[in-house]
Amino acid sequence: MRMMSEQPQKVRERGRPRQFDVDAALDLAILVFREKGYYNASISDLSKGMQLASGSIYKAFHDKRNLFLQAFERYTSLRMKSLRQRLAQQPDGRSGIAELLRFYLESASDAEGRRGCLVVGSAIELQQFDAGLAEQVHVALQRNQLTIQHLIEKGQQDGSVNPQHDAEALTNMLLCLVLGMRVAGKIKDIAEGELLIATVHRMLD
């Protein structure tokens, strides 16, 4: 997944002048962290993946933890922006839920799916070992949960989702489903995506 900013930042090294696009470097770091995880990604791995000398990484980001935090923030903010743009085009809550599922199905397919999800992978890896990083992951998961809850409540208000359903229970079910998609996508493609969406739709009746 290629993610670029509208106004790239520049970082200048001391000594020999050199500039690089910080956002582009973060995009490359995201790929390394998604494939290897936080702890298994060495500075050597990041240097190779970001196409930067290790000294340049330290000058720009200070340490691996700060690099991860910036990469994680960029990853989650760009994905949420993309999802919200797609949801804004949907006429009702039910259609929004279908589009959200398609968004996650696409993310869990092919090479993109094999790279894994930085949020899901980090939730598993960091929960017990770094409270600060784990909190950032928790915030991202909570944001995803609120997005799903909003779609369900919107659907119940516009009549596209049965108002007799427990909105909180539906939210938790769909959150588990989309997170599970990202785990499954790390292993293999998820077949019959539209059938999955149709099954969820029947649960909303």
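Colleague: How many salt bridges are found in the whole structure?
Modeller: A search of the predicted model finds 11 salt bridges.

Colleague: Which residue does D27 meet in a salt bridge?
Modeller: The side chain of D27 meets that of R74, at 2.6 Å from N to O. The pair links distant parts of the chain, with D27 in helix α1 and R74 in helix α4, 47 residues apart.

Colleague: Is D27 buried or exposed?
Modeller: D27 counts as buried because its relative accessibility is 2%, under the 20% limit. R74 also counts as buried, at 9%.

Colleague: What about E194, which residue is its partner?
Modeller: E194 forms a salt bridge with R102, and their closest N and O atoms are 3.1 Å apart. E194 belongs to helix α10 and R102 to helix α5, 92 residues apart. E194 is partly exposed at 47%, and R102 is partly exposed at 27%.

Colleague: Which residues are linked with them in a network?
Modeller: The network of salt bridges links R86, E99, R102, E106 and E194.

Colleague: Changing topic, where is G113?
Modeller: G113 is in helix α6, which spans residues 110-115. G113 counts as buried, since its relative accessibility is 0%.

Colleague: Which residues is G113 in contact with, leaving aside neighbours within four places in sequence?
Modeller: Those contacts are S107, A108, G185 and K186.

Colleague: And which salt bridge does R115 form?
Modeller: R115 pairs with E112, with the closest N and O atoms 3.4 Å apart. Both lie in helix α6, about one turn of the helix apart.

Conventions
Residues are numbered from 1 along each chain as its sequence is written. This is a predicted model: local features need pLDDT of at least 70, side-chain atom pairs count only at pLDDT 80 or more; totals for chains, interfaces and linings use all residues. Side-chain values use heavy atoms; hydrogens and water are left out. Helices (H or I, at least four residues) and strands (E, at least two) are DSSP runs, numbered from the N terminus. Buried means under 20% relative accessible area, exposed over 50%, partly exposed in between (1.4 Å probe, protein chains only). Contact means heavy atoms within 4.5 Å. A salt bridge is a side-chain nitrogen of Lys or Arg within 4 Å of a carboxyl oxygen of Asp or Glu.
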